[in-house]
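Have a look at the chain below before reading on.

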Amino acid sequence: MTESTIHFTAPSEQLPLCNSADLQDGGLAVPFDVVYAGQTCRAFAIRFEGQPQAYLNRCSHVAMELDIQENKVFDRDGQWLVCSSHGAEFSPETGDCVGGPCNGGLVKITLSEENGVVRWHTAYNLMPLEF
Ligand code: FES
């Protein structure tokens, strides 16, 4: 068995991200850091239609963070996630591109919510930062 196979089969961990109350529907994002495919990346969590969602903070047009104004990733109506650089639009539910100059969707991060706490799930290519 190779080392990469061992990583691939490692069980997912669920790591505390924020309190449920920190995520308001269509409101500001809560940022967090991850290691994605070996690189440190910013990520963000939002709430949309009651459900918490999280994505890498990396536009699919150019690998830039979506928010010029800190943690502001929703459009004015709180319906779509918008990249402030050139206006690519993404579905808050799926991260799929719905308009603008995107090139595929956002990279989604699995979340769970229980007892007032939102947790993000690690995956074979998605790990916490090591301190
Ligand atoms: S970098 Fe996001 S739209 Fe261009």
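What follows covers the overall fold, then the sheet, then the core.

## Overall fold

Keep in mind that this is a predicted model. The protein has 1 helix and 11 strands, and along the sequence they run α-β-β-β-β-β-β-β-β-β-β-β. With a radius of gyration of 15 Å, close to the 14 Å that the globule rule gives for 131 residues, the protein is as compact as a globular protein of that length.

If you like to think in boxes, the C-alpha atoms fill one of roughly 50 × 35 × 25 Å along the principal axes. Buried residues come to 26% of the 131. Of the contacts with a separation of 6 or more, 49% join residues 24 or more positions apart.

## The open sheet

Five of the strands line up as an open sheet, in the order β8-β4-β3-β2-β11, with antiparallel pairing. At the edges sit β8 (108-109) and β11 (126-127), each pairing on one side only.

Further in, β3 and β4 are joined in the antiparallel sense over 6 bridges. Within that pair, Arg47 stands opposite Pro52 in β4.

## The nonpolar core

Which residues touch the most other members of the largest nonpolar core? Among its 27 residues, they're Ala43, Phe44, Ala45 and Val73. Elements giving two or more residues to this core include β2 (30-36), β4 (51-56) and β10 (117-121), but β3 gives the most, with 4 residues.

Phe44 is worth a click in your viewer. Beyond its neighbours within four places in sequence, Phe44 is in contact with Ala29, Val30, Pro31, Ala54, Tyr55, Asn57, Asn71 and Val73.

Terms used:
Residues are numbered from 1 along each chain as its sequence is written. This is a predicted model: local features need pLDDT of at least 70, side-chain atom pairs count only at pLDDT 80 or more; totals for chains, interfaces and linings use all residues. A nonpolar core is a set of buried Ala, Val, Leu, Ile, Met, Phe, Trp, Tyr and Cys residues joined through C-beta atoms within 7 Å. A residue is buried if 20 or more other C-beta atoms lie within 10 Å of its own, exposed if 12 or fewer, and partly exposed in between; C-beta atoms are placed from the backbone. Two residues are in contact if their C-beta atoms, placed from the backbone, lie within 7 Å. Two strands pair if DSSP finds at least two bridges between them. The radius of gyration is taken over C-alpha atoms; the globule rule is 2.2 Å times the number of residues to the power 0.38.
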